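Keep the 3D view open as you read.

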Amino acid sequence: MEAENQVNTLDVCQVTPYFDSLESATELSLPLTFYDIIWLKFPPVERIFFYKLTESTPTFFNSVILPKLKHSLSHTLLHFLPLAGNIMWPPQANKPIILYTPDDGVQLTIAESNADFHLLSGDEVHEASDSRPYIPELPVTDSKASVIALKITLFPNHGFCIGISAHHSALDGKSSTMFIKAWAHFCKLGDEDNRQYPALLTELTPVFDRIGIQDPEGLDMVYLNNWLELKWPGVDLKPRGLQLLPVIAVRSSSVRATFELSREDIKKLRERVLANLVKEGSKETHPIHLSPFVLVLAHGFVCIVKARGFESNRRVLIGFAVDCRARLDPPIHENYFGSCVSSCAAFTEAESLLEENGFMYVAEMLSELIKSLEKGVLDGAKEKTASFMKEAAGGAAILGVAGSNRFEVYGTDFGWGKPEKVEITSIDRTGAISLAESKDGNGGVEIGLVLEKHEMEKFTSLFVDGLKNHY
């Protein structure tokens with residue numbers, strides 16, 4: 001049976017922020033900064049949180065789980081008003097804004113599925129399209145775009161999942177994770193019957209003030225003009241329209257899998273790097289960033305290029321998003337809510353990754369990118385953006401990263417235990433590797449990826465053998 005036929009939609013509703021009275025509801029408007037505008041027409045970022053709960057019968061789900069989730073969501077949105085609003089571009093404004101009005105809310109879909117919960121929430125290889133029915137469609141028109149959409153799906157007697165689709169221009173991974181954790185905090189500790197909820201933890205309290213985002217070079221208008229001038233084959237992009245770029249259809253032959261590198265695996269990779277540095281010369285001459293982030297990505301990227309069978313002369317973009325909050329001068333609040341990431345990337349030839357020392361090459365490349373941040377996260381931003389867009393349009397392969405092993409997503413407990421699985425579903429359309437911390441908290445790193453079936457088989461072999469043989 002096809003995955004789409006296994007999911008029944010039970011309800012589609014709008015959840016609004018909970019105000020004590022209608023009179024206390026206030027309008028909120030936020031300008032988009034250049035950090036937001038650069039992602040204006042990108043497809044949404046999609047995630048699914050799977051929760052195992054064998055007592056989740058339809059009766060228990062409808063009488064206990066769902067009311068708690070909905071009521072706590074309403075309370076959470078009171079602290080995160082922009083998420084209940086829309087991205088709009090008023091006629092008199094020179095750039096789009098996020099606008100919340102008292103009638104706004106988040107679209108929530110309720111569904112039920114008889115699909116294999118254990119397959120979907122496990123690490124085994126399965127069809128990439130299997131996850132699609134659990135992701136809500138983000139409502140977007142030319143005149144306005146929702147900031148987020150949510151979907152809660154029951155798997156009777158097995159558990160439930162929460163799917164979130166987030167507009168890339170309104171919030172980054174850190175902000176999205178902060179919202180989910182705040183919702184979980186209220187759901188777990190709140191009393192929905194009496195509408196009594198604990199205070200929001202300081203680390204989960206969003207800061208919306210945009211005054212700390214300085215833009216002396218006018219990057220906001222540079223990025224906005226890039227969108228205004230963009231031509232996309234087969235798509236009529238209106239100059240001031242908010243329509244998103246078309247998404248790439250997920251191939252039926254694509255599969256999804258999750259791999260974990262334990263603390264011991266990462267230690268082995270680190271030891272291999274140090275051994276190579278000793279062999280080549282002093283560590284000072286060849287600085288390598290020995291963080292799990294660099295080591296895991298270097299290993300993963302090399303395996304992907306080999307598994308996909310890239311030609312040696314294929315141009316490859318290797319990059320990742322950098323959280324700019326602490327890197328700005330002066331730094332802004334760590335709980336700044338919105339999009340505040342910058343791309344850190346460089347081009348190379350596939351040949352460099354295919355060679356015997358490909359792992360070391362990528363580790364050095366990533367380390368140099370991290371070191372370049374010392375010059376400032378916006379150093380040459382205008383030129384880099386134009387270069388990246390030109391190369392990508394020219395057919396360069398993109399090896400990117402979604403998520404972070406620092407978000408601690410496996411600590412997101414709504415009151416029924418920690419997630420069985422957290423998946424960044426949208427990597428099936430971007431080709432990125434997803435990163436998260438190991439769910440057992442052992443200091444390891446979990447990566448997710450989507451490849452063609454034959455590519456995944458080769459990747460699995462390379463990935464495992466690479467760890468055994470230490471390159």
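A nonpolar core here means a set of buried Ala, Val, Leu, Ile, Met, Phe, Trp, Tyr and Cys residues that are joined through side-chain atoms within 4.5 Å. Please keep in mind that you are looking at a predicted model.

With that definition in hand, start with the largest nonpolar core, which has 129 residues. Leu69, Phe179, Phe414 and Phe459 are the residues with the most contacts inside this core. Its largest share comes from helix α7 (residues 292–307), which supplies 11 residues. As general background, nonpolar side chains tend to be buried together in soluble globular proteins.

Now zoom in on phenylalanine 179. Which residues does it touch, leaving aside its neighbours within four places in sequence? Phenylalanine 179 is in contact with Leu73, Thr76, Leu77, Phe80, Leu83, Ile148, Ile164 and Phe337.

Next, turn to the rings. The count of aromatic pairs comes to 19. One of them joins tyrosine 51 and phenylalanine 160 in a stacked arrangement, at 5.3 Å centre to centre and with 20° between the planes. Tyrosine 51 belongs to strand β3 (residues 45–52) and phenylalanine 160 to strand β10 (residues 159–166), so that this pair links distant parts of the chain, 109 residues apart. Both tyrosine 51 and phenylalanine 160 are buried.

Tyrosine 51 also pairs with phenylalanine 414, this time edge-to-face, with 5.6 Å centre to centre and 90° between the planes. Because tyrosine 51 lies in strand β3 and phenylalanine 414 in the loop between β15 (401–403) and β16 (421–424), the pair ties together parts that are 363 residues apart in sequence. Is phenylalanine 414 buried or exposed? Its relative accessibility is 0%, so phenylalanine 414 counts as buried. For tyrosine 51, the relative accessible area is 1%.

Step back, and ring pairs link Tyr51, Phe80, Phe160, Phe179, Trp183, Phe208, Phe337, Phe414 and Trp416 into a cluster. Elsewhere, a ring meets a charge: the charged end of arginine 314 sits over the ring of phenylalanine 310, 4.9 Å from its centre.

Finally, return to helix α7 and look at its packing against helix α6 (residues 263–280). The axes of α6 and α7 come within 10 Å and cross at roughly 85°. Angles of 65 to 115 degrees count as roughly perpendicular, so α6 is roughly perpendicular to α7. Ile266, Leu269, Arg270 and Val273 of α6 make the contact with Pro292, Leu295, Val296 and His299 of α7.

Note on methods
Residues are numbered from 1 along each chain as its sequence is written. This is a predicted model: local features need pLDDT of at least 70, side-chain atom pairs count only at pLDDT 80 or more; totals for chains, interfaces and linings use all residues. Side-chain values use heavy atoms; hydrogens and water are left out. Buried means under 20% relative accessible area, exposed over 50%, partly exposed in between (1.4 Å probe, protein chains only). Helices (H or I, at least four residues) and strands (E, at least two) are DSSP runs, numbered from the N terminus. Contact means heavy atoms within 4.5 Å. Rings of Phe, Tyr and Trp (its six-membered ring) pair if their centres lie within 6.5 Å; planes under 30 degrees apart count as stacked, over 60 as edge-to-face and the rest as tilted. A charge sits over a ring if NZ of Lys or CZ of Arg is within 6 Å of the ring centre and within 35 degrees of the ring normal. Axes are lines fitted to C-alpha atoms, for helices over the stretch in contact, and angles run from 0 to 180 degrees between N-to-C directions. Angles under 35 degrees count as roughly parallel, over 145 as roughly antiparallel, 65 to 115 as roughly perpendicular and the rest as oblique.
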